[in-house]
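Subject: Structure to look at, with notes

Dear colleague,

Please find the sequence and the structure just below, and have both open while you read the notes that follow them.

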Amino acid sequence: MRDWAARLLLARTGTDAQAWNRRVADSGLADEQALRSWLAGQGVTGYSQALLVWERFGYPDFLTAGADELIDAQYADRPRLRPVLDAVLAALPALGPVTVQARKTLVSLVGPRRTFAVVQATTKNRADLGLRLDNEKPGGRLLAARDIGAANLRIPLTGPGDLDEEVLGWLRRAYEENAAPPPPRRAARRPAPALGLLTVVIEGYDLPGRSCNPGPDGIGYRNVHVALGGKSKDRPALVVPGKPGLAIEPVPGDAESARWEVPVTVRRGPDGFDFTGPFVGGARDDRSLGLAWGEVPGDGTLRLFRGAKLRLVDVDPALIEAALRPGHRLVARIRLTDPRGNPVCARVHPPALTWSVQPG
């Protein structure tokens, strides 16, 4: 984690952690809050700021503790569940190569490609075996999982006896599905003839404000702005460090509303509409318009920390047909604050996002 944060610091500021540590030492700041304020004024925020604070005042226990210490702490007040973890670990050699990663609140099981399962002592009477089964839905003993690492499903376990053949079968399946290499990308195909130019208007409302703490780690962001993602250079834009695109027409996070208007080329292929243009991202089956959330330190950059996706492929084809008529446009109305009061992110669904056709 330290190495990742150090790379992030270098990418965002152009200066490595060692040089920043010298600057921090020269500043003479003696308390954490003063250092955080000073770093924010230098444009260092988020994980990059946390790294330099840790370098100055020491790393938290969950980053420096050994695996045994972390696991012992997880089961200190629920020792009856420790045999559940031990039973899961005992089953791993039969699966193949597995790396066991102890974290603060759970244990991750990582196969040759990525994490396939986790074990978490969720309550004093129940441990959850979280499984990453992307194509499986809840049913039977498989329950929906939330906030359990990479898992999307979980099986509750109250003792080692619950780890029966059915559960071991699901564990093996999760291992095999996540150990296999990803499917090869299809060769690029020739684009279909252009059908017309579509005008898309994005109307944002209910903005979250200029500060937020969206992550579970509590790291905060200040002077937050939202911008349209794209590669067009003929509009006001900020550079996004480490990213090829630009943050176009940024709007402060405490504005009353936000509005962007973009052209999108529509093509009709054998399997429906396709969308292209300097503001369109994503693969053929995931064409989207994107919004970028980030801090604006005043140096011509937007320090990205999350993004939102408005999928054009989800729009009713009848709306696309209607919006292509002369004098009409496609309007996306999006609520920019999520249910927790933070900037909306990832793929946005109704009712937070609605599509309609309006006269131009």
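Predicted model: local features only at pLDDT ≥ 70, side-chain atom pairs only at ≥ 80, totals over all residues.

Residues are numbered from 1 along each chain as its sequence is written, and side-chain values use heavy atoms, with hydrogens and water left out.

The sheet around β6

Strands here are DSSP runs of E with at least two residues, helices are runs of H or I with at least four residues, and both are numbered from the N terminus. Two strands are said to pair if DSSP finds at least two bridges between them. Strand β5 (residues 143–144) pairs with β6 in the antiparallel sense over two bridges, and strand β4 (residues 127–131) pairs with β6, also antiparallel, over five bridges; in the latter pairing, L129 has I155 of β6 as its bridge partner. These strands belong to an open sheet of six, with antiparallel pairing and the order β1-β2-β3-β4-β6-β5, whose edge strands, β1 (99–102) and β5, each pair on one side only.

How enclosed is strand β6 (residues 153–157)? Four of its five residues are buried (under 20% relative accessible area, where exposed is over 50% and partly exposed is in between, with a 1.4 Å probe and protein chains only), so β6 is largely enclosed by the rest of the structure.

Strand β3 (residues 115–121) runs antiparallel to β4, and five bridges join the two, with Q120 standing opposite D128 in β4. Helix α8 (residues 165–179) packs on the sheet and touches β3, β4 and β6.

Salt bridges

A salt bridge is counted when a side-chain nitrogen of Lys or Arg lies within 4 Å of a carboxyl oxygen of Asp or Glu, and by this rule there are 29. One of them joins R311 and D314, at 2.9 Å from N to O; R311 counts as buried at 14% relative accessibility, whereas D314, at 38%, counts as partly exposed. D314 also forms a salt bridge with R347, their closest N and O atoms being 3.0 Å apart. Because R347 lies in strand β17 (residues 346–347) and D314 in the loop between β15 (303–311) and α9 (317–323), this pair ties together parts that are 33 residues apart in sequence. Through shared partners, salt bridges join D286, K309, R311, D314 and R347 into one network.

Best wishes

Conventions:
Contact = heavy atoms within 4.5 Å. Axes fitted to C-alpha atoms, helices over the stretch in contact; angles between N-to-C directions.
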